[in-house]
Amino acid sequence: MANNKANKDVVIDYDVIANQESFKALVRRKNSFLWSMTVVFLAAYMLLPILTSYTTVLHQKALGEITWVWFYAAGLFIMTWGLCHLYVAKANSFDKEAKAIIAEYENGGGRR
């Protein structure tokens, strides 16, 4: 596992990269972002059945005969699309950082 061929003659030792401080910082930032998004996503989705089952907050009329639950449910779809776009943008920035870490390794920054 330690010696995988990336390009023609370049051997990358992924164990060394995994021990670089820059890689560890990237993993911490990525995990923090992903767990935060997960908590927001699950909280918003789990709040819908809780609010509709145990309260009457969303049962009130908002616009004509349409109740607030419809707006909340529509908002969940909008939130999902928004979180997907945010995730793609952050994933692209994480990919750029990962490429920089590999370049740092290839320039001798992480070798033993």
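How many salt bridges does the count come to?

Guide: The model is predicted. The count comes to 3 salt bridges.

Start with the pair between helices. Glutamate 97 forms a salt bridge with arginine 29. Their closest N and O atoms are 2.0 Å apart. Glutamate 97 lies in helix H3 and arginine 29 in helix H2, so this pair ties together parts that are 68 residues apart in sequence. Glutamate 97 is partly exposed, at 28% relative accessibility. Arginine 29 is partly exposed too, with a relative accessible area of 40%.

Next, glutamate 21 and arginine 28. Their side chains meet in a salt bridge, 3.3 Å from N to O. Glutamate 21 has a relative accessible area of 52% and is exposed. Arginine 28 has 49%, so it counts as partly exposed.

The remaining bridge joins lysine 61 and glutamate 65. The closest N and O atoms are 3.1 Å apart. Lysine 61 is exposed, with a relative accessible area of 54%. Glutamate 65 is exposed as well, at 65%.

Threonine 67 touches Lys61, along with Leu58, His59, Gln60 and Ala62, leaving aside residues up to four places away in sequence. Threonine 67 sits in strand E4, residues 66-67. Its relative accessibility is 17%, so threonine 67 counts as buried.

Take H2 first. H2 has 34 residues, which should span 50 Å at 1.5 Å a residue. Its end C-alpha atoms are 48 Å apart, in agreement with that. The buried residues of H2 are Ala25, Leu26, Phe33, Met37, Ala44, Leu48 and Leu51. They pack against H3.

H3 covers residues 68-106, 39 residues in total. From its first C-alpha to its last it reaches 56 Å, close to the expected 57 Å. Buried in H3 are Leu76, Met79, Leu83, Ala91, Phe94, Ile101 and Tyr105. Their cover includes helix H2 (21-54), helix H1 (14-19) and strand E2 (11-13). After H3 comes glycine 108, with a positive phi near 90 degrees.

One more charge deserves a look. Lysine 90 lies over the face of phenylalanine 33, at 5.5 Å from the ring centre. Phenylalanine 33 is one of the buried residues of H2.

Rings also pair with rings. The count comes to 3 aromatic pairs. In one of them, the ring centres of phenylalanine 41 and tyrosine 45 are 4.7 Å apart, with the planes at 35 degrees, so the pair is tilted. Both residues lie in helix H2, 4 residues apart, or about one turn of the helix. Phenylalanine 41 is partly exposed, with a relative accessible area of 30%. Tyrosine 45 is partly exposed, also with 30%.

Tryptophan 68 and phenylalanine 71 form another tilted pair. The distance is 5.5 Å centre to centre, with 50 degrees between the planes. These two residues are 3 residues apart in helix H3, so about one helical turn separates them. Tryptophan 68 counts as partly exposed at 42% relative accessibility. Phenylalanine 71 counts as partly exposed at 40%.

Last, the whole protein. There are 3 helices and 4 strands. From the N terminus the elements run β-β-α-α-β-β-α. Of the 112 residues, 20% are buried. Among contacts with a separation of 6 or more, 54% come from residues 24 or more positions apart. The accessible surface comes to about 8300 Å², and 65% of that belongs to carbon and sulfur atoms.

Technical notes:
Residues numbered from 1 in each chain as written. Predicted model: local features only at pLDDT ≥ 70, side-chain atom pairs only at ≥ 80, totals over all residues. Heavy atoms only, no water. Buried < 20%, exposed > 50% of the residue type's maximum accessible area, 1.4 Å probe, protein only. Contact = heavy atoms within 4.5 Å. Expected span 1.5 Å × (residues − 1). Areas by Shrake-Rupley, 256 points an atom, 1.4 Å probe, with all protein chains shown as cover. Phe/Tyr/Trp six-rings, centres within 6.5 Å; stacked < 30°, edge-to-face > 60°. Lys NZ or Arg CZ within 6 Å of the ring centre and 35° of its normal. Salt bridge = Lys/Arg side-chain N within 4 Å of Asp/Glu carboxyl O.
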